[in-house]
Amino acid sequence: MSFVRFPESVVSCRNLVGGEWISPAGASAQEVRSPYTGALIGRVPLTDASGVAQAVEAAKAAAQGWRGTPLRERTQFLQRFRTLLEGQLERLAHLAASESGKTVAEGRAGLLKGLEVCDFALSLQNLDGGAHLEVSRGVTCEYRREPLGVVAGITPFNFPAMVPLWLFPIAVTVGNAFILKPSEKVPLTATALGELMVEAGYPPGVFSVVHGAKPAVDALLEHPDVKALAFVGSSPVARHVYVEGSRHGKRVLALGGAKNHLIVVPDADPDLTPQAVVDSFTGCAGQRCMAASVMLAVGDVQPLVDDLVRRAARLEVGPGMGALIDRGAVDRLETAIAKAQADGARVLLDGRGKRPAGEAYANGHWLGPTVLDGVRPEMEAARRELFGPVLSIVRVPTLSAALAVENASPYGNAASIFTTNGAVAQSVVEGARAGMVGVNVGVPVPREPFSFGGTGESKFGHGDVTGPSSLDFWSQLKKVTRKWSARTDGSWMS
């Protein structure tokens, strides 16, 4: 039994440049293997600086005409793309799952979130008409939203469809030419998105796909014609992207990793809470920046702990929880679990050695749900982002102690409180340091038009990549003040 449909043949990815699919000159190729089976499903070119420059040149040529296209006409292209995307939802969900290790349901959910961002971008024709005001007799002021030109997005392996769809629908709709550099680990979905953009009829060069690794990223950071760049990935790389991009005069928003805290108090709902915690730390096999990493157990919540362990133990790897991206991720997580044990943590549920039945999955990259108890705040398991289906339980005596642990984290993506008491919930909403806070919600990702973004080491730069604040990242405001004649009945401004 297969949990996901794999490509019928090995996919040879190419770059989308100037509306044409090309193989970058002199680029070596890297194999793409499915996390489920280890089988070869694709090859991706590793574009160098000259290949990046070729894409930037094509995007720059397209940008001038695209910026002059009225907003309402730009949205018509996006509407066609959205219709095509919705029609290909199941195929793309399986494709994303096959290369990232997600379950098909998770691949589908990422696409649906991307469709929400498309809907927000489509609404701009009605919501973002600028402003115009008579500020004095005979004097008017207005602002006009104008694109930046060529912009780029560097996206991670864990959301092959959703994160690109956070970025380019808004960026191109406000009038930019966009270059997508997907993770070289998951190029197939990005290629499929590019095919739909071409089919939607976007002018050549308005949307480009450039495959590659660090040299391609560095080339985008250094190229003078790339005016803005968004990144999603680990915090160390996010910091590098922010520093280097800023040094080269770019507008940069770089989202990094996280160490998210779920605070559970004794009056938490006994039915809702355990399942929400399990869903949070096992969803996407824990490979997401919004996954629960630490459960802060306040007082006596042992029945809730026992229940969540039982629920997590019933979760089957394969159909219920997907695979890790590669062997390196498995090794890193198994090492982290062993270190937590050596530091004094107790393993309530051990996912090491778990894998689906069947020889086909023997070479996949698997780790079952793992629960560590007795983790102390200073331990690595409580501080470092592990990026896998591992939950660390830290016991604290009071809500204040829980908030102190959350506040001490250098990250600031998400925190949630599980309680039936409104005053307790409000104290966490006000006291948590994270940029996204949930009340009885294990993964507090805002829905559009509320924007996504954390604080601290989880975000470098200003603003958010979705929602209204994204408009100011992908564009600039031109202010115009007009006066046509002298007035004797006006103020000093006339």
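How many disulfides does the structure hold? And what does the contact between domain 1 and domain 2 take from each domain?

A: First, the ground rules: this is a predicted model, where local features need pLDDT of at least 70, side-chain atom pairs count only at pLDDT 80 or more, and totals for chains, interfaces and linings use all residues. Residues are numbered from 1 along each chain as its sequence is written, and side-chain values use heavy atoms, with hydrogens and water left out.

On disulfides (cysteine sulfur pairs within 2.5 Å), the count is zero. Take Cys-284: its closest cysteine sulfur, in Cys-289, is 10 Å off, so that's too far for a bond. Cys-284 is also buried, at 7% relative accessibility, and Cys-13 is buried too, at 6%. Buried here means under 20% relative accessible area, exposed over 50%, partly exposed in between (1.4 Å probe, protein chains only).

Now the domains. The assignment, which is automatic or from a database, gives domain 1 (11–226) and domain 2 (261–439). The contact (heavy atoms within 4.5 Å) draws 14 residues from domain 1 and 21 residues from domain 2. Together they bury about 1,200 Å², 61% of it on carbon and sulfur atoms; that's accessible area (1.4 Å probe) lost on being put together, summed over both.

There's one salt bridge between the two domains, meaning a side-chain nitrogen of Lys or Arg within 4 Å of a carboxyl oxygen of Asp or Glu. Asp-326 and Lys-185 form a salt bridge, with their closest N and O atoms 3.1 Å apart.

Key:
Buried area = accessible area lost by both parts, 1.4 Å probe.
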